[in-house]
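Work through the exercises below with the sequence and structure at hand. Each task is followed by a solution in steps.

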Amino acid sequence: MSLKIGIREMGDITILDVSGRITLGEGAVCLRDTCNDLFAKDCRNLLLNLREVRYIDSAGLCEVCSSLIRASRAGGSGKLLHVAKRVGDLLAITKLSAVFQAFDDETVAVRSFHERLRYSHCPVCAGRCSPPAFEADPWEPQTCTSCASRLILSAGGSGETAPVARLDVRSYETEYWEVRPGPPFVVNAVGRLNMFSSRALENCWKAIPAPRRVLFDLSRVEEVTPPGVTAIGRLLGTRALNDNAVVSLEGLSAPAAQNFRDIVGAYGARADALNALGDVSGAPPWSARIEIYHDRLADRKI
Amino acid sequence: MDDRPRILRVIVASPGDVEAERELVPVIADELNRSVAADRGLRLEVVRWETDSFPGFDPGGPQGLIDKALNIAGSDILIGIFWKRFGTPVPGAQSGTEHEFRLAYDAWKRQGRPQVMMYFNDRPYKPKSKEEAYQWGAVLEFQKEFPKEGMWWSYKGPASLERLLRRHLENYLRAAFPLATESGKPAAAPEPPLPAASDYFAVQSRIIDAQSRMFVGRADALSAFDRFLASHAGGYFLVKGAPGQGKTALACRLVKTGGHLHHLIARTGGRSDTRLILRSLIAQLAFLLGRSGAAPESIPELTKAYEELLAEAAARRQPVVVVIDALDELPAGAIDELPFLPVDALPDGVFLVASSRPGDHLSRLEQRLFATPHCVFELGPLGIDEIRELLAQTNADAGPMLVDRIATTSQGNPLFLLAIIEELRTNPRFDARELPASIEGFFQRATASLGAGNAVLGDVLGVLSASRRALSAGELSAIIGRPQRETADQGIGPVKQFLLETDGRYTFYHSRFHEFVNGSVLYQDELRHAHQWIAAWLEKEVAGDYRLDSLAWHLYEARDCEGLIRKIDPAFLTEKLRRSGYAVLEDVDLWTRCMLDRGDPDVIERCIAVVESLRREAGGDIIKAVANGWQPYRSAAGAFRSRLMEPPTPAIPRLEIYAGVLPKAEMPADFFELVPLEGRLAAAIGDAPAIGLKSSFVARFMAGLYRTLAARSVHPGELLQAMHRSIDGREYFRGVTMQCVEVDPAQGLVRIASAAHPFPVHYSARRRRCDNLPVTGDLLVPADRAIGVSGEYQEGCLEIEEGDLLVLVTDGLTEAPGPPGESFGQRLPGLIERHAHAGARVTGEKIMDAWKEQPREEDVVDDVTVIVISIGGPGGARRTTPL
């Protein structure tokens, strides 16, 4: 048997402890049959605990989605618990993470059936971040399910927005560029500055609200290639008139700093760069959009 | 007469840690019930405690209840499986499985049955607790104390057991329930169906007569063959030789003198189709064994019938020699599909003689034969004595000086010699001083009138080159629209010495002349016109088999896709299915290609509908056969999960490219395309969800669409946008992932865009380490309607240097489950870093090897595709020159 399902009840919530493989054929059928039985018994709120699921293929994923959607259409709700990284990645790349709620903590998951949750949205790509927070609770560190940017949110905000304390934008799989709000905004480039990581440069720039006052701090850059320098030069050269940005080369090795000799706006000392930035008082507040969760599954056609 | 099958009860005994293996037994039994067992009037019925016992009470406890349900003493086969657990103690034994084994062993000692087949998983295992160590120790103890009358077998995981068990059960059924015996005892089941003798058989024998007439010498080859026969119980004698060295003549000589089974493969004359080769060999075997009956249709059925007849013939008369000539004449797509050359199923007493030019076909066969006795004989040039003998045999008037001159000029090439002999025979004014430097010189002389405006010769050569069967002068004249006399005098006459005439019909005598015609005489558009003429002729004048056999092929080769779609309609396909059986699959293949080339996503539905309509007509197996027939890279028959496919990759300066595919099912749902573009490479890799016919059609469509679009733009982001626009909203394409890459070695640049596909891996030779490149993007068609997609795909640009590697994969590789806490994707960067210095091919092969060897608790359920692109070619990492 490729799949085993244990069933627990917690109030009006049915928790399915699934273990094994959810794959085309027997695994998917077993899950479907179990859910059919539960729906026939009027179970409405379904929490699929996938902690012991070792493998899930596209057909299995389809079956999981179908079960959750049917729970919602039956007037209840369907959610996921303990989604393994591989399954989480699968949900992320198929954007299903934007539709289904997934939790790492059973208590929180159970609570979410009865209390309103809120989600933050990524300042880079507008994708939904996780984990969600209950309205009364503070924000934990957030990760965008779409572009993997990491977000620290502060308390406060309007209810529809929350102040951003820090944003980490991914350049390589394990390298992130840090953005801290200003004035001025400071972008700490970390790791490599090359053609590939220059996408992070563009993404950081997009995430900062206009009119921008930005200091690019390259003190933590370990490697610079000419296309990386070109990318930063292009950004400085093509910015809008009401934006301003400078580069601090302080901390960068002399040979690496040599690459920037033709870049207007690049300064050897951080203080010089800040001086060149001029008046930074006009920088706008930086906030992320907040969404109160609405179960969008109920009207989905299966 | 009672037609009900005899039931063989198969008991499965094992502890609980080999659940996946237990699940395999009914699957294999089901397969055998449709093949080997069915042929013998048998039916395997699998009995397991979990499906056949029921709750209750018994004085012997739960095991007593299970014993009653299993009735081991009354069973026919007991399959025991152990890995790391021995099981829970029961009264009288350390575990239920041991108890069941003891019951079976005692019954076998008393009554000779059940057949006890014990398997031990010897995959490395590290106990994590005292209890686990105890359990494992008990298994090893049991293995050590196994009764001396018995033999157990080891295996390495479910996939390995699946293959072993299938083979062992087949062997057991064949041995215990033979179909027919020499003593004439009645078989347990009706004999397998056999084909009637075909016309091909007669044509082949005439070709053999013609070819063996010109045979001389080769005493070394003949004695090597005799020695091989005398010193081995069975095996392969491979004849390797350059074009024109006389491989076919040698093969024909062996057939002529030994009366051996044979098939002479040839592209012209339609003798290169796998199905036809099997049918021809089966017909000869049937004749040998005095059988008659109808031939099966599908390649797996034909293969099975062939192997069974071969075994039977070997049992009756040893040795049995099968001669297969010209493997190099097989289509490139059939390189891995040679079911008429059995390796694992080669019975004792059977010898295969296979001839070929050096090349892929022969190399692959040699690789397959690593554990099978075989000998490679290199057919060199003829010696001076052999040349003299040949000239004497043909009464060619040649003195010693001329013989020496001929020997020097021809370099002992028999084909060249035959051309000289023909000149000596037919041209009294032939001046030996004018001998051309090679055989092509004779070809050029024979076709010299083309330069003087002999259009008829050009037309005849075009039609003979395009035709799949020999054609008479009348047919040639009808096809090219010229009077018969003109056709014979101006078209056939000048090249008659290079044509093979059988029953008044002509085809090329030797593939070397065919290659000369295609390479030096005809332009591609002329060849297409020839196909067009034949297609038109088939539509108008020929209502027989050739029209059904080849109309679709000629239309396809003429690039008349619209004509093919119009003319090869469901009625045509159904008629062909009825009259020619599974030969219809070629038409389905060509029709499908034309439809997919249209680039209209709706064709997927039509393709599936056509195959489904044929399935209704022919039965379910046609789906599998369609799959084997039309996929772009083929697996060998029955090569499921056992053989890696490595499709050819384009040659691009400063790039080395490797592609490897391990399909889960007959039809891969993974796809890739490699498009060379002026020193750059446009590549795509993708994955259609699930497996099966629909997924495979979707995968092919995506690959075809990419190839079409890549001709207009190579920018990966734009390509994905265009693909998204083409298929957006189509249900079939939900969940398809894809990644497009442009590699420009001259600029030192890679552009990548992704539609939700697993990250590519970049190995930097300078840094000596890998990075997973996080290039993300929406699915081309979202998995759920609630999800919007932007249709925009951001490109990532990467600098590359000499020695760098880019590895593209599908999730079948990265997400394959491994040991707890580890997926193959996590191992991948380390693997690449270890082997990158050796280039793309070695790295790709190492990845595939490691993937196959990775210990895993269950079999995988997805296709695996890997593309490795090395910048600067193999060994590039050692060079330091910047790009």
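**Exercise 1. Chain A as a whole**

Solution. Start with burial: 48% of the 302 residues of chain A count as buried. The structure here is a predicted model. Next, list the secondary structure: chain A has 8 helices and 17 strands. Last, take the contacts in chain A with a separation of 6 or more; 62% of these are between residues 24 or more positions apart.

**Exercise 2. Two paired strands in chain B**

How many bridges join strand E1 of chain B to E2(B), and do they run parallel or antiparallel? Then sort the residues of strand E2 of chain B by face.

Solution. Strand E1 covers residues 6-13 of chain B, and 6 bridges join it to E2(B). The two strands run parallel. As one example of a partner, Ile11(B) is bridged to Val47(B) in E2(B). Now sort strand E2, residues 42-47 of chain B: Leu42(B), Leu44(B) and Val46(B) form the covered face. Arg43(B), Glu45(B) and Val47(B) form the uncovered face.

**Exercise 3. An open sheet in chain B**

What is the strand order of the open sheet of 3 strands in chain B, and which strands are at its edges?

Solution. The order is E11-E13-E12 in chain B, with antiparallel pairing. The edge strands are E11 (471-472) and E12 (499-502) of chain B, each pairing on one side only. Now look at one pair: E12(B) is joined by 4 bridges to strand E13, residues 505-508 of chain B. Within this pair, Leu500(B) has Thr507(B) in E13(B) as its bridge partner.

Notes:
Residues numbered from 1 in each chain as written. Chains lettered and ligands numbered in written order. Predicted model: local features only at pLDDT ≥ 70, side-chain atom pairs only at ≥ 80, totals over all residues. Pairing = 2+ DSSP bridges. Buried ≥ 20, exposed ≤ 12 C-beta atoms within 10 Å, placed from the backbone. Contact = placed C-beta atoms within 7 Å.
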